[in-house]
Amino acid sequence: MKPPLAVGCDAGGSAIKAALVDANGRVHAFLLRRWTPGRRAIAPRIARVIETLKVRAGTDWRRVVGIGIAVPGWLDATRGALARADNLPGAVGEPVRHILARRFRRPVVLEADTNAALLGECAWGAGAGIERVLILAAGTGVGAALAVAGEPVRVAHHVTAHVAHVYAGPASIPCACGRRGCAQATLSAGGLVARARRAACARTTATAHDVFRRAGEGDARCARALRAYARDLGRFLGELSNLFTPDAVIFAGGLSGAWPAISDTARASFARAAIAPVPRLLPAKLGRRAGALGAAAAAFRLPWDERLARMR
Ligand SMILES: [Zn+2]
């Protein structure tokens, strides 16, 4: 019999990514669909993406033993739903796990997106073989999680800590929560764009990618905004490592694609902030696929048996 596969789906604030993954972390199929879910339910849309993946998988679909869904927010594990989600407000309370399990006749697990990225990196990426791994994921939002021996530490709501609204600076950038300088406001993609806008190097429509590009093209003001971002990021990672004392800190999420451009500044700032012994600071290895791969890793941990195999 061919080895089992799992579906990993990363339902973020701006895109759904879905992957068909084997137990070695090899991706057999991958899909990315942009979406703006707003206040709408998310299960029907996720189901459509998985349906497309199923068509691509063909007969390999029979090898799928479980489905993992990574979502940005707090989990209600009993109901298999989101309890709080700033970027997916319409999904709060929606019985996502139940809907997808019934439709695809597979066990489904919901996992907080940062935990999923952490599981992926610990299984097949930068955190493999490391005992205590702290991850900070920065993209549309900002989240952090700690794993010990490959297992996410779940202090409350299935996550390690809520770092999104911890102060990261600068105070000049307001946060949607009403305070100023939160990591969510300053270290997210929006935070980088806000810095660039203040430095008058980005139009209001600019994205974080535009800021990287213009800095790379020699725009001094964009380069300065990027350096300031890297400095605050490194310091914040140092503060987090003082709190959680990991062996390694992984920088993940959409903004980790900029690591080559910001690593020198971020590392120097990290080394100043972190108390010895300073943990290793590593960029994520799985890139934009980390959440989907980690969701698949979570699905592989689900109990499944022969009865399930016969059910198909
Ligand atoms: Zn805030």
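Axes here are lines fitted to C-alpha atoms, and angles run from 0 to 180 degrees between N-to-C directions. The model shown is predicted.

View 1. Helix α2 lies across β4 and β7. Its angle to β7 is about 145°. Helix α1 lies across β1 (5-11), β2 (15-22), β3 and β4. Against β2, α1 runs at about 35°.

**View 2. Five strands form an open sheet.** The strand order is β3-β2-β1-β4-β7, and the pairing is mixed. Strands β3 (27-34) and β7 stand at the edges. Each has a single partner strand, so one side of each is left without a neighbour in the sheet. On average, neighbouring strands are turned by 15° against each other, direction ignored.

**View 3. Strand β4 meets strand β7.** These two strands run parallel. How many bridges join β4 to β7? Five bridges do.

**View 4. Helix α2 has one buried face.** The helix spans residues 96-104. Which of its residues are buried? They are V96, R97 and L100. Seen down the axis of α2, the buried residues fall within an arc of 95°, so they line one face of the helix. An α-helix has 3.6 residues a turn, so residues three or four places apart point the same way.

**View 5. The buried residues of α2 have several packing partners.** They pack against helix α1 (43-57). They also pack against the strands β4 (64-71), β6 (81-84) and β7 (108-112). After α2 comes R105. The phi of R105 is positive, near 55°.

Technical notes:
Residues numbered from 1 in each chain as written. Predicted model: local features only at pLDDT ≥ 70, side-chain atom pairs only at ≥ 80, totals over all residues. Buried ≥ 20, exposed ≤ 12 C-beta atoms within 10 Å, placed from the backbone. Helix = DSSP H or I, 4+ residues; strand = E, 2+ residues; numbered from the N terminus. Arc of directions from axis to C-beta. Contact = placed C-beta atoms within 7 Å. Pairing = 2+ DSSP bridges.
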